[in-house]
Amino acid sequence: MGILGMMGDSFGCSATGERLVSAARDGDIQEARALLELNPRLARYSTFGIRNSPLHYSAAKGHHEIVSLLIESGVNINLRNCRGQTALMQACLYGHWKVVQILVLFKANIHRRDCFSGATAIHFAALKGHARCIRLLVADYVPSLSEFWKVMRGKSADETKKDAFDAASLRRLINGKSDGGVTPLHLAALHGHTESVQLLLDLGASVSEVTVNDGSTIDLIGSGSTPLHYAACGGSAVCCQLLIAAGANMGAENANGYTPLHVARSWHKSSVEGILSKQPEGRIRILPSPYLCLPLMSIVKIARECGWRKTSASSTCQDPCVICLEVECTVAAEGTEKLTHDALFTPGNIINYCIFK
């Protein structure tokens, strides 16, 4: 084939690749399916210069059906763009939990870090307060135990439950640091995401982790700051109370010699000064995150082994979905065994769950 012929094929591939990018960005499932049937290799196409793939675009926009289609076509699920971000990171950033669910089911790497801040997918989810995404990211670490949060906080006397999962690995994951020593709990506390703060604490997030001056970030609060310093800067009273109840040191000083109270005053967050100026009287009773008392690990395991299908069978269960805690779903597993939510969770406390494929 001559040079002009090869160039023609290259330009043709680029044109259809850009069409797939547009379909992924716009959520045009019919166009995406037609293009991938014509050439499945288009799933691995990336736009010129910025390396954003159709998977990145569909994940960032929340088009979970196209994400599934691309995965079935053989896309590299951990492909990075020019910022070193994976599709999982972008889905977490924008809170598209249906996409996160699919990527987790297909074992996307949750430990990857982006090139600009060293952040993982959990950092991105915590930054924007997407608790559902955080819950999905730890699905392989959190056992289906009704009293899991008691085990993590050392309130369970049942030693057999402590051996049911690797608590040390979960804590390492939750307390992972991006550049500057920032943990997901720092980010959630700074931006006042109370649901995410509560969930991270129940998952084993440390209230004593401090930021560092590594020369890679500009820390306006000051290096050596705890999540409580960050909550004080953000001005969230509830986040401050949650952290204090979890044992945060109100008198801890950062590298500038500032306590959380000093930080609140310097950032003019008068709404939290009263909370940070004196120890609470008595213990603050905090209920566990509703996202923990859910059998998600079992569901994910069955989904991977058996696959899923939607069923039109009517459900008598009125409980919320196990993942999103909002909609009611009727889903069944396909495989050697037919498992519905009615068969999985008995008696009396049946829980529905969403599986999008």
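**Helix pairs and a cavity in a predicted model**

Helix 3 crosses helix 4 in a left-handed sense, in a model that is predicted.

Trainee: Why is helix 3 called roughly antiparallel to helix 4?

Mentor: The axes of helix 3 (residues 54-61) and helix 4 (residues 64-72) come within 8 Å and cross at roughly 155°. Angles over 145 degrees count as roughly antiparallel, and therefore helix 3 is roughly antiparallel to helix 4.

Trainee: Which residues of helix 3 and helix 4 meet?

Mentor: From helix 3 come Pro 54, Leu 55, Ser 58 and Ala 59, and they meet Ile 66, Val 67 and Leu 70 in helix 4. By class, this contact has six nonpolar, one polar and no charged residues.

Trainee: What makes helix 14 roughly antiparallel to helix 15?

Mentor: Helix 14 (residues 227-234) and helix 15 (residues 237-245) pack at an angle of about 165°, with their axes 9 Å apart. The cut-off for roughly antiparallel is over 145 degrees, so helix 14 is described as roughly antiparallel to helix 15. Their contact is made by Pro 227, Leu 228, Ala 231 and Ala 232 of helix 14, together with Cys 239, Cys 240, Leu 243 and Ile 244 of helix 15, and it divides into eight nonpolar, no polar and no charged residues.

Trainee: Which residues line the largest cavity?

Mentor: A search of the whole structure finds one cavity of 30 Å³ or more, and the largest cavity has a volume of about 40 Å³. Its lining consists of Arg 153, Leu 201, Leu 242, Ala 245, Ala 246 and Ile 286. Arg counts as charged, whereas Leu, Ala and Ile count as nonpolar, so the lining has five nonpolar, no polar and one charged residues.

Conventions. Residues numbered from 1 in each chain as written. Predicted model: local features only at pLDDT ≥ 70, side-chain atom pairs only at ≥ 80, totals over all residues. Heavy atoms only, no water. 1 Å grid on protein atoms, 1.4 Å probe; cavity = no way out; pocket = protein on both sides within 12 Å on 5 of 7 lines; lining within 4 Å. Points joined across faces, edges and corners; volume = space filled by probe spheres on them. Axes fitted to C-alpha atoms, helices over the stretch in contact; angles between N-to-C directions. Helix = DSSP H or I, 4+ residues; strand = E, 2+ residues; numbered from the N terminus. Parallel < 35°, antiparallel > 145°, perpendicular 65-115°, else oblique. Left-handed = near helix turned anticlockwise from the far one by under 90°. Contact = heavy atoms within 4.5 Å.
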